[in-house]
Protein chains: 2
Amino acid sequence: MKAIVSDGGFGTRFEDVPDPLPRDDEILVEVQATSINRADLLIASKQPRGTQLGIDFVGTVLTTAADGSGPARGQRVVGLAKNNSWSEVVAVSTDRVATLPGELDAPAGAVLPVAGLTALYALERAGSLLGRSLLVTGANGGVGHLAVQLAAASGADVIAQIRENGRQFALDELPDASRISIEAADSAGAAPIDVLLDSVGGAVTAGAFARIRKGGNAVFFGNTVREDLHLRPDWGHARPGVRIEWLYLLDEITRRDVPADLSVLVRLAETRRLRPHIGGSFAWSDIDKALRSILDREVGGKVVLTL
Amino acid sequence: MKAIVSDGGFGTRFEDVPDPLPRDDEILVEVQATSINRADLLIASKQPRGTQLGIDFVGTVLTTAADGSGPARGQRVVGLAKNNSWSEVVAVSTDRVATLPGELDAPAGAVLPVAGLTALYALERAGSLLGRSLLVTGANGGVGHLAVQLAAASGADVIAQIRENGRQFALDELPDASRISIEAADSAGAAPIDVLLDSVGGAVTAGAFARIRKGGNAVFFGNTVREDLHLRPDWGHARPGVRIEWLYLLDEITRRDVPADLSVLVRLAETRRLRPHIGGSFAWSDIDKALRSILDREVGGKVVLTL
């Protein structure tokens with residue numbers, strides 16, 4: 001079967017790979033759509049030529065799991081693969097999938113697993129959000145635009161921080177929009193916040209961190225600009241009780257009920273309380289164009305590949 | 001009455017100050033002993049000439065509180081004053097004192113409030129310590145040597161990290177010594193740890209932080225070397241689930257039951273499960289010598305002044 005593999009540099013190419021052999025707890029899924037995450041780009045750049053890629057997928061169950069767990073043959077499912085979902089068929093553990101209702105098309109489902117669970121689990125770290133002020137940096141991004149919506153749906157007053165004005169994409173047409181304010185990082189305000197969700201790094205993170213109130217939370221889940229975070233001596237005196245955590249999804253899912261949590265996201269999307277923004281949709285043969293659109297930061301939201 | 005005040009530089013001098021006028025919830029205490037904390041040195045260097053100093057104290061109640069709260073006249077008490085305990089008499093809120101049993105002399109009590117509560121509250125942030133591995137940097141210090149003992153008494157396996165060998169002072173003669181290992185920062189091991197308690201900063205902190213396991217805790221409560229903490233991009237990937245917190249005692253006590261928590265420390269000291277190391281004891285007229293011994297890092301443990 002055909003699959004997208006790394007070309008040993010920053011690029012990818014198509015290759016014929018062996019058909020997957022499912023373990024007893026795995027189903028075989030015929031892939032219909034997938035999406036691109038930053039994690040995929042990192043893996044593509046680090047792994048040897050010929051390494052398969054891809055985590056997110058939506059598809060149809062071809063064969064059920066031998067141990068009887070998981071969805072039935074013919075069902076549509078959404079889930080997380082182990083870096084091999086950019087292929088015609090993928091073998092997936094049944095504790096990494098949820099069923100996808102007919103109301104959601106394949107691209108709408110494919111954006112949920114990595115980005116949605118990252119946003120969901122990062123927000124959980126901050127505890128109750130009702131009436132609290134929360135700032136999301138990189139709010140245009142794949143995770144950011146979902147985190148903004150999930151936080152607003154949880155009762156938070158959300159500051160969606162974007163790189164510069166004019167790039168807010170679909171952020172201003174969201175449910176709970178009255179509790180979402182948009183702010184450009186290059187002209188950021190100084191209003192204090194209770195929670196920071198950050199994946200940008202550098203000066204953006206430093207500026208946002210300085211706004212956290214006493215007893216607040218900072219949750220990091222990425223670092224786009226690849227710069228160290230500097231905490232000054234006595235950083236805790238200015239905002240006592242602040243807790244700093246990192247959300248690392250690929251670790252987190254080993255300890256969570258992924259099917260249940262994915263189903264939460266699916267239901268939210270189905271009822272339009274969560275509206276993923278698909279910034280670009282490409283046939284998988286156009287993978288180069290799709291990757292380029294992300295690296296050039298041309299698009300907001302998520303970029304999807306359809307098979 | 002006489003009090004020690006800042007001289008506007010890094011030093012102190014004696015001055016006649018007005019007798020304190022207690023509020024309704026305050027007792028007057030005749031001070032018998034006090035100890036020196038880093039916070040005192042910071043305040044002395046930052047506040048204008050003539051500012052009173054001192055947090056820790058042990059003394060005898062001269063007058064009870066008008067509102068009926070707190071200890072009786074003539075009782076010995078230990079507590080925290082608002083930067084004015086280095087004086088003959090101090091007015092103290094009754095929610096900042098505990099009674100001191102006869103078994104503990106004044107110097108033994110005077111080392112407990114700031115250093116002991118800092119150690120106690122910092123350890124609390126890490127949750128249960130039973131069977132977990134905990135590293136204390138600056139383990140010779142005023143807080144450090146108490147944190148080592150409290151952690152060992154809580155069931156942790158403790159690595160007491162000191163600046164260099166030959167400086168372990170009384171660390172190796174402690175209760176629970178079999179669960180305390182001593183390590184020099186300049187030849188530190190690499191054994192993984194569950195919890196880091198740090199107040200040193202710089203390279204010492206960076207080295208210790210890198211040893212924290214998945215799901216561990218870092219609690220900071222000071223920064224002796226006054227250097228930034230640098231967290232590299234993706235610092236959370238190497239040790240998923242790590243939580244970083246700062247313990248700032250002067251904020252923490254506004255939310256805690258200080259008399260009850262001080263009593264815990266008093267009981268531990270009374271029963272010799274906690275053995276504060278008094279590295280230097282000076283008459284308060286020798287305050288200059290006492291301060292010098294701390295700034296020159298000649299002494300471990302705590303430095304006490306007696307009146």
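Student: In β14(B), which residue is the bridge partner of A:R243?
Tutor: B:E245 is the bridge partner of A:R243. This is a predicted model, where local features need pLDDT of at least 70 and side-chain atom pairs count only at pLDDT 80 or more, while totals for chains, interfaces and linings use all residues. Residues are numbered from 1 along each chain as its sequence is written, chains are lettered from A in the order in which they are written, and side-chain values use heavy atoms, without hydrogens and water.

Student: How many bridges join β14 of chain A to β14(B), and do they run parallel or antiparallel?
Tutor: Three bridges, and the strands run antiparallel. Strands here are DSSP runs of E with at least two residues, numbered from the N terminus, and two strands pair if DSSP finds at least two bridges between them.

Student: OK, the contact then. How many residues does it take from each chain?
Tutor: It takes 24 residues from chain B and 24 residues from chain A, with contact meaning heavy atoms within 4.5 Å.

Student: And how many salt bridges between chain B and chain A?
Tutor: Four salt bridges, each a side-chain nitrogen of Lys or Arg within 4 Å of a carboxyl oxygen of Asp or Glu. One of them joins the side chains of A:K214 and B:D251, at 2.5 Å from N to O.

Student: Which element gives the most to the side of chain B that touches chain A?
Tutor: β14(B), with four residues.
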